Amino acid sequence: MKNILCAFLLLTSIAMSAQTNKMMIRIAEIEIDSSYLQEYKDILQIESKASVSKEPGVIAIFPMYQQENSNQIRILEIYANKEAYENHIKSPQFLKYKTETIKMVKSLKLIEMKSIDPETMDEIFRKLHH
């Protein structure tokens, strides 16, 4: 029984690592026109919450702003894979967000990222479920 449990845990760990390696991770660096800042934050909050709750492939859309310069927005985006990202940018909530905020954005830079330690990422997500 102990050997079966060990084998199961090993296979689960391998499967989770493979899944983590397929994830698409990005940081969006966005500068917002300060006259639209609160409106932008409100729209972004609605979009990020809807995307995470309605789209199974959207693992995280975590918006934040620089404490000393609040019109500098950063969004950590994590998708299960590239297909999940492609589905996300076609979703009604994303399209609404893009349409409503286009005049508010002064600059946008999308930075593709790769995890240095996918196993630790697995542990982070496991901790969130305890």
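1. A pocket, as the word is used here, is an open set of grid points where a 1.4 Å probe fits, with protein on both sides within 12 Å along at least five of seven lines. Its lining residues have an atom within 4 Å of a point. That definition is needed for point 3. Note also that this is a predicted model.

2. Start with the fold. The chain has five helices and four strands. In sequence order they run α-β-α-β-β-α-α-β-α. The chain holds 130 residues, and 33% of them count as buried. The accessible surface comes to about 9000 Å². Carbon and sulfur atoms account for 61% of that surface.

3. Now the largest pocket. Its volume is about 300 Å³. The lining is made up of 21 residues. Nearest the centre of this pocket lie F94, Y97, K98, L108 and L110. Several elements give two or more residues to the lining: β1 (24–32), α2, β3 (69–79), α3, α4 (92–101) and β4 (105–113). Helix α4 gives the most, with four residues.

4. Look next at Y85. This residue sits in helix α3, which covers residues 82–88. Is Y85 buried or exposed? Its relative accessibility is 14%. The cut-off for buried is under 20%, so Y85 counts as buried.

5. Which residues does Y85 touch, leaving aside those up to four places away in sequence? They are M24, R26, E77 and Y79. One further pairing is worth checking on screen. Y85 and V58 stand 27 residues apart in sequence, yet their C-alpha atoms are 7.3 Å apart in space.

6. E55 is buried, yet it has no salt bridge. The nearest side chain of opposite charge is that of K54, 8.5 Å away. A salt bridge would need a side-chain nitrogen of Lys or Arg within 4 Å of a carboxyl oxygen of Asp or Glu.

7. What surrounds E55? Setting aside residues up to four places away in sequence, E55 touches A50, N87, H88, S91 and Q93.

Terms used. Residues numbered from 1 in each chain as written. Predicted model: local features only at pLDDT ≥ 70, side-chain atom pairs only at ≥ 80, totals over all residues. Heavy atoms only, no water. Buried < 20%, exposed > 50% of the residue type's maximum accessible area, 1.4 Å probe, protein only. Lys, Arg positive; Asp, Glu negative; His and termini not counted. Contact = heavy atoms within 4.5 Å. Areas by Shrake-Rupley, 256 points an atom, 1.4 Å probe, with all protein chains shown as cover. 1 Å grid on protein atoms, 1.4 Å probe; cavity = no way out; pocket = protein on both sides within 12 Å on 5 of 7 lines; lining within 4 Å. Points joined across faces, edges and corners; volume = space filled by probe spheres on them.
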